[in-house]
Amino acid sequence: MSITMLLNSFVPRQISILNNRCSNQIFPSCSLRNPTLVSSPEVAIHAQKLLQQFDPKIPLEKAITPPASWYTDPSFFELELDRIFYRGWQAVGSTEQIKNPHDFFTGRLGRVEFIVCRDENGKVHAFHNVCRHHASLLASGSGQKSCFVCPYHGWTYGLNGALLKATRIEGVQDFNENDFGLISIEVAIWGPFVLLNLNKEGFPKTEVDSHCVGREWLGSSADILSTNGIDSSLSYLCRREYTIECNWKVFCDNYLDGGYHVPYAHKGLASGLKLDSYSIIMFERVSIQSCESGLVKRKESYDRLGKNAIYAFVCPNFMINRYGPWMDTNLVLPLGHNKCRVVFDYYLEHSLKDDTDFIDRSLQDSEKVQIEDIVLCESVQKGLESPAYSVGRYAPTVEQAMHHFHCLLHENLAH
Ligand code: FES
Ligand SMILES: [Fe+2]
């Protein structure tokens, strides 16, 4: 691109005024630069060609899996960010992270840097974590703050996003502090989860109805999930994070194989599950796999899995696992076409939260399974990148949820 073209591409951002109901102040948000991040028409056309290589209309028994390029091609990854992660509700964290007024956490989804915080009145907000002066990231990590002070030149924002102080701005003309609040993002709470909707930024901020959000996020599975113990009554225990050298979908596919890999790759876990009791139900954007535990027949008092395990997958990247007294969630964050980070949050029934022996053993067992899965996922990524592999097939009796996931991806990416 020439310098002239670059200069011509500079267009002042459009400002729109929002009524912020929390503060009763008028302060604006501004519409984002073109939210479509697929960098050029050529990239988009190339990604669309790759998309056409999977046909969701072919029944499972005859279906061919998506091609390896879906997992290895950077332009396909850009299309996914644009059409999957920047649309609709996305899980980004736990309410535990913003339990008290002044709590905040930051995160990154694709190229979107965000802050979620709870203000002094208890209201939850989410913003782009980008200073309106010269674009420095404003906050990092998590913790407590009474305001956000930019580490670059000290511009200061309230927990409701309003610009409170623009430092050394004397002499500036045509500048109204009310026009430079942080850009808001739609945020909602469902059960113990914090959700963001990136394509609703700049909309008037009204209280988001959690029932509507549940329906939008989970479809008709919302009732089943909330009545099967996925709620806020469990105690939050801890977080574990794993960076994995594989495309984010490799981790999801591994989760969605109906227990197919369990007897081969998780021998320890397989001995505690009745794998022939596996059942799989599909909803609009959710699939639920469940399996009975075999431990009831054993003498051991240590029973991490309980009688029944439920593994719910919320497209595109969130897993909710409910077993025995435990719930853990897995959030698969895409870091690039061949890298992801998986965030595990562990919750436990309140009565067991001081049982350190049980907790240590359970977390060790869980970690063993994660390490086994990481080895599998990184091996699959290497295989996908080798010239030997182009497409594969599904095992129809166990891999229905994986096929459902691929069909949903196709549908979302095509429009
Ligand atoms: S970039 Fe934030 S104050 Fe300058
Ligand atoms: Fe596994």
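The mean pLDDT of this chain is 88, with 85% of its residues at 70 or more; pLDDT is the predictor's confidence in each residue, from 0 to 100. This is a predicted model, so to speak: local features need pLDDT of at least 70, side-chain atom pairs count only at pLDDT 80 or more, and totals for chains, interfaces and linings use all residues. Residues are numbered from 1 along each chain as its sequence is written, and chains are lettered from A and ligands numbered from 1 in the order in which they are written.

Residues 1-31 stay under 50 in pLDDT.

Now the core. Of the chain's 415 residues, 36% are buried, that is, 20 or more other C-beta atoms, placed from the backbone, lie within 10 Å of their own. The largest nonpolar core has 90 residues; such a core is a set of buried Ala, Val, Leu, Ile, Met, Phe, Trp, Tyr and Cys residues joined through C-beta atoms within 7 Å. Among the members that touch the most others are A312, F313 and V314. The core lies between domain 1 (12-35 + 87-208) and domain 2 (233-414), because both give residues to it; the bounds come from an automatic or database domain assignment.

Next, one sheet. Three strands form an open sheet in the order β3-β12-β11, with antiparallel pairing; strands are DSSP runs of E, at least two residues, numbered from the N terminus, and two of them pair if DSSP finds at least two bridges between them. The edge strands are β3 (89-94) and β11 (186-190). Five bridges join β11 to β12 (residues 193-197), and I189 stands opposite V194 in β12.

Conventions:
A residue is buried if 20 or more other C-beta atoms lie within 10 Å of its own, exposed if 12 or fewer, and partly exposed in between; C-beta atoms are placed from the backbone. Two residues are in contact if their C-beta atoms, placed from the backbone, lie within 7 Å. Helices (H or I, at least four residues) and strands (E, at least two) are DSSP runs, numbered from the N terminus.
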